Amino acid sequence: MAGPIGSDIPRWANVVVLPIVNLIAAFLVSGLVVLIIGENPLEVVQILIWGAFGFEEAIGYTLFYATNFIFTGLAVSMAFHCMLFNIGGEGQAYIGGLGISLVGLQFGFLPPIVLIPLCMIGAALFGAAWAFIPAYLQAKRGSHIVITTIMFNFIASSVMVYLLVNVLIEPGSMHPQSREFAEAGIPPVHEALGWLGIKFAASPWNLSFLWALVCCVLVWGYVWHTRWGYAMRTVGTNPTAASYAGISETKSIIITMCISGALAGFLGLNEIMGYHHRLLLHFSGGYGFVGIAVALMGRSHPVGVCLAAILFGALYQGGAELSFEIPTITRELVIVIQGLVIIFAGALEFMFKPQVEAVFRWLTPRRSAAAAAE
Amino acid sequence: MEDFTLFVLVLDATMRVSTPLILAALAGLVSERSGVIDIGLEGKMLGAAFAAASVAALTGSAWIALCAGIGVSVLLALIHGFACITHAGNHIVSGMAINIFVSGLTIVLGAKWFSQGGSTPQLPHEGRFMPLEWPGAEAVADVPVLGQLYSELLSGHNLIVYAAFLAVPFIYWMLFKTRFGLRLRAVGENPQAVDTAGISVFFLRYRAVIICGILCGIAGTYLSTAMGASFVRDMTAGKGYIALAAMIFGKWKPVPTMLACLLFGFLEAVAIRVQGVELPIFGNIPVQFIEALPYVLTVVLLAGFIGKAIPPKADGVPYIKEH
């Protein structure tokens with residue numbers, strides 16, 4: 001999240017080489033874990049790749065998960081640009097799903113073309129509202145946003161359990177889940193491709209994916225090509241300078257967090273409108289936390305976020321296949337890898353910087369000679 | 001009399017539920033007082049709980065289990081220290097990573113070693129910390145009020161419960177009455193000054209992080225070998241975060257932190273009791289409401305509506321030595 005301090009390697013190396021080195025380190029340690037379990041890491045890699053990309057259905061699932069991670073990854077990235085750490089993506093996504101479900105339960109009879117935009121508004125409003133309170137408390141009352149968003153995750157979870165068990169539960173059902181509110185929802189990609197005459201295996205991968213890509217472009221435009229994005233980044237890098245320049249810190253923090261919350265809220269579009277068509281307990285399934293890893297891997301840039309999201313989507317889908325193929329490996333191995341990626345790409349972001357720099361100096365002898373002459 | 005017995009039972013449960021919170025909150029307190037934010041309390045406890053239960057299942061000894069729990073927790077604390085102190089990494093990212101890493105690893109290893117979907121087998125009595133009966137507890141149990149308090153509330157807990165409550169004055173003494181404590185607090189407020197005085201900021205912070213690991217290790221061991229009789233996947237269930245909240249609620253001071261833990265523990269004990277019960281004034285309180293109360297209270301406190309919670313000045317700021 002922080003820019004490199006005093007770097008003497010080219011920018012592209014910082015943006016591309018370091019994350020790849022970090023990723024390799026994370027994978028090597030994951031390989032050690034596999035060795036400890038007594039399996040062959042190379043075989044595991046083979047099954048993971050095959051399970052994620054080996055057949056059409058697998059690709060569908062990979063991109064279905066990737067859609068979730070694009071939304072939550074963008075949410076975390078957005079906040080990073082303002083130097084805010086939004087750990088609350090999980091709660092915002094959960095409450096965003098509530099927004100979708102309330103719209104769905106009320107207006108489920110409307111045709112999809114009307115219903116889906118309404119659901120998008122519901123998701124954005126509820127997600128943003130859940131992020132607004134921590135943002136307001138940070139901006140106005142100085143309470144640490146990390147702690148408040150953590151607390152809000154737990155509060156969201158309690159609220160949703162209460163609502164699902166007592167209010168939204170399908171009458172007569174034993175499971176804490178709402179009734180199915182829309183039969184169609186967001187069309188799956190295999191259907192959409194079918195309209196174009198292309199055959200593709202059925203999977204939950206749906207057109208929310210396109211909206212996720214649109215969100216990437218919108219975030220890119222907002223962050224680097226609008227005055228609000230500029231204000232936000234200024235507040236992030238130097239709040240004092242921002243206030244001298246007449247930029248309101250309060251406003252930037254609140255707007256950024258609301259956008260961040262809305263992006264997280266869109267997770268429900270993919271999971272609820274695109275797949276389940278009903279509100280389930282824990283449908284956000286930890287995807288909000290994966291967003292942190294995705295944002296760190298992707299260096300908070302939409303392109304990086306997309307690539308990292310596909311990587312994690314592949315890990316999730318490949319991990320599921322893996323637990324079928326090798327029963328001694330549970331799919332939680334993916335969570336281990338995720339944790340390691342956050343450690344190496346996040347907390348130890350610059351650990352390998354001296355080594356990478358040394359390699360670059362070695363590759364470009366003239367520059368190092370010039371530096372020595374100084 | 002009925003009501004009083006019920007009340008004592010709730011307080012008794014409060015003590016048991018608060019124990020891991022107190023240990024973990026003190027752990028966080030020592031770490032943050034030295035300037036290292038630790039949201040990885042949850043992960044360290046979970047790792048310790050798993051290590052302790054696994055070792056207890058293999059060796060059948062509660063004490064070896066405790067050593068294993070502490071060992072794993074300290075190792076995780078050192079990873080956190082390596083990232084935050086040595087490499088000036090982001091404290092929150094590192095803590096978060098440790099939580100996620102451990103939640104996955106305990107299940108992966110547990111499923112492989114014990115083939116019970118991530119749980120460990122039930123532990124035998126020798127492998128656990130069993131309740132200790134105080135002398136005469138049986139005899140005075142029928143004496144109203146005082147006898148009940150003695151036999152139910154004070155007696156009949158396991159060793160770790162008493163250790164947790166003793167840890168509070170000990171940590172207080174360490175932080176506020178020793179030279180080490182003074183330096184530790186100074187390094188959390190103004191590391192430059194400590195460095196100028198010729199004392200190593202890194203070494204002090206590493207020691208704080210190790211103490212944090214030890215306390216979390218005891219807390220985790222308590223969960224799987226004293227309060228429970230085996231490790232269950234994700235058994236910390238947010239306790240690390242509640243402890244973090246309690247530490248903030250206690251404004252980074254040992255005794256108020258303990259009181260906050262007792263308050264949150266009491267809420268949890270009450271939540272179990274009032275499930276589905278009609279109360280005289282409040283009616284039927286949804287259990288989720290009581291569960292969420294610690295978090296809501298912490299948010300309200302942080303917002304400055306109940307006093308002001310001010311963290312140590314250099315909390316979460318990596319120290320980079322100038323050359």
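**Entry 1: B:Ala237**

I began with B:Ala237, which counts as exposed because it has 12 C-beta neighbours inside 10 Å. For my own reference, a residue is buried if 20 or more other C-beta atoms lie within 10 Å of its own, exposed if 12 or fewer, and partly exposed in between, with C-beta atoms placed from the backbone. B:Ala237 sits in the loop between α10 (201–227) and α11 of chain B. Its phi is near 45 degrees, a positive value in a residue other than glycine.

A note on what I am reading: this is a predicted model, where local features need pLDDT of at least 70, side-chain atom pairs count only at pLDDT 80 or more, and totals for chains, interfaces and linings use all residues. Residues are numbered from 1 along each chain as its sequence is written, while chains are lettered from A and ligands numbered from 1 in the order in which they are written.

Helices here are DSSP runs (H or I, at least four residues; strands are E, at least two), numbered from the N terminus.

**Entry 2: A:His277**

I found another positive phi at A:His277, near 60 degrees, again in a residue other than glycine. A:His277 belongs to the loop between α12 (267–276) and α13 (287–297) of chain A. It has 19 C-beta neighbours inside 10 Å and so counts as partly exposed.

**Entry 3: B:Gly81**

Next I looked up B:Gly81, in helix α3 (residues 62–86) of chain B. Buried or exposed? B:Gly81 is buried, with 25 other C-beta atoms within 10 Å. I listed its contacts (C-beta atoms, placed from the backbone, within 7 Å). Leaving aside residues up to four places away in sequence, B:Gly81 touches B:Arg205, B:Tyr206 and B:Val209. B:Tyr206 is 125 residues away along the chain, yet the two C-alpha atoms are separated by 6.2 Å.

**Entry 4: α2 and α4 of chain B**

I then took a helix pair, α2 (residues 41–59) and α4 (residues 91–114) of chain B, whose axes come within 8 Å and cross at roughly 20 degrees. That makes α2(B) roughly parallel to α4(B). Axes are lines fitted to C-alpha atoms, for helices over the stretch in contact, and angles run from 0 to 180 degrees between N-to-C directions. Angles under 35 degrees count as roughly parallel, over 145 as roughly antiparallel, 65 to 115 as roughly perpendicular and the rest as oblique. Among the residues making the contact are B:Leu46 and B:Phe50 of α2(B), and B:Phe101 and B:Trp113 of α4(B).

**Entry 5: α7 and α12 of chain B**

For comparison, I checked α7 (residues 159–177) and α12 (residues 254–274) of chain B, which pack at about 155 degrees with axes 9 Å apart. They are therefore roughly antiparallel to each other. B:Val168, B:Ile171, B:Tyr172 and B:Leu175 in α7(B) meet B:Pro254, B:Val255 and B:Met258 in α12(B).

**Entry 6: where the chains meet**

How many residues of chain B are in contact with chain A? I noted 33 residues of chain B against 40 of chain A. On chain B, α4, α11 (239–249) and α13 (287–302) each supply at least two residues of that side. α4(B) gives the most, with 14 residues.

**Entry 7: B:Ala246**

Last, I looked at B:Ala246. Not counting residues up to four places away in sequence, B:Ala246 touches B:Leu21, B:Ala25, B:Thr257, B:Ala260, B:Cys261 and B:Phe264.

Conventions
Contact = placed C-beta atoms within 7 Å.
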